[in-house]
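Here is a brief report on a single structure. Please read it alongside the coordinates.

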Amino acid sequence: ALARGQWLELIARSGERSHLKVAWINRRRTVALLVRQHDRRALSLRMDELRQRFEQGRAFMVRSGDQA
């Protein structure tokens, strides 16, 4: 299960890869707030959209030492 502090790699449709840290998940676990590593910009994603990205191979869990 996704938890605060975890790192993710998201791949955009353009192929661009971003490393993001899970900063917050709402109580109902329907929305996650992610912070991009390179520019500290916040991105909110619905959990169902994030789940879909994992299923499509466009999102991956990253170990803490691998996000650089």
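## Model and conventions

This is a predicted model: local features need pLDDT of at least 70, side-chain atom pairs count only at pLDDT 80 or more, and totals for chains, interfaces and linings use all residues. Residues are numbered from 1 along each chain as its sequence is written, and side-chain values use heavy atoms, with hydrogens and water left out.

Helices (H or I, at least four residues) and strands (E, at least two) are DSSP runs, numbered from the N terminus. Buried means under 20% relative accessible area, exposed over 50%, and partly exposed in between (1.4 Å probe, protein chains only).

## Salt-bridge network

Side chains of opposite charge can pair when their charged atoms come close. Here a salt bridge is a side-chain nitrogen of Lys or Arg within 4 Å of a carboxyl oxygen of Asp or Glu. The count by this rule is five.

Arginine 46 takes part in a salt bridge with aspartate 48, at 3.2 Å from N to O. Arginine 46 also pairs with glutamate 49, where the closest N and O atoms are 4.0 Å apart. Glutamate 49 in turn forms a salt bridge with arginine 53, with 3.4 Å between the closest N and O atoms. Glutamate 49 and arginine 53 both sit in helix α1 (residues 47-55), four residues apart, about one turn of the helix. Shared partners join Arg46, Asp48, Glu49 and Arg53 into one network.

Arginine 46 is partly exposed at 48% relative accessible area. Aspartate 48 is partly exposed at 44%, and glutamate 49 is partly exposed at 24%. Arginine 53 counts as buried, at 16%.

## The largest pocket

A pocket is found on a 1 Å grid over the protein atoms alone: it is an open set of points where a 1.4 Å probe fits, with protein on both sides within 12 Å along at least five of seven lines, and lining residues have an atom within 4 Å of a point. Grid points are joined across faces, edges and corners, and a volume is the space filled by probe spheres set on the points.

The largest pocket holds about 200 Å³ of space. It is lined by 13 residues, and the closest to its centre are Ala12, Ser18, Arg36, Leu43 and Arg53. β1 (7-11), β2 and β4 (42-46) each supply at least two lining residues. The lining has six nonpolar, one polar and six charged residues. For these classes, Ala, Val, Leu, Ile, Met, Phe, Trp, Tyr, Cys and Pro are nonpolar, Asp, Glu, Lys and Arg are charged, and the others, Gly among them, are polar.

## Loops

Asparagine 26 lies in the loop between β2 (17-25) and β3 (31-36). Asparagine 26 is buried, at 15% relative accessibility. A polar atom of its side chain is 2.7 Å from the backbone nitrogen of threonine 30.

Arginine 29 is in the loop between β2 and β3. Its phi is near 60°, a positive value in a residue other than glycine. Arginine 29 is partly exposed at 39%. Arginine 40, in the loop between β3 and β4, has a positive phi of about 60° although it is not a glycine. Arginine 40 is exposed, at 61%.

## Phenylalanine 60

Phenylalanine 60 belongs to strand β5 (residues 59-62). Phenylalanine 60 is partly exposed, at 36%. Its contacts (heavy atoms within 4.5 Å) are Trp7, Leu8, Glu9, Ile11 and Phe54, not counting residues up to four places away in sequence.

Note on methods
A polar contact is a pair of N or O atoms within 3.5 Å; within protein, one must be able to donate a hydrogen and the other to accept it, and residues adjacent in sequence count only if both atoms are side-chain atoms.
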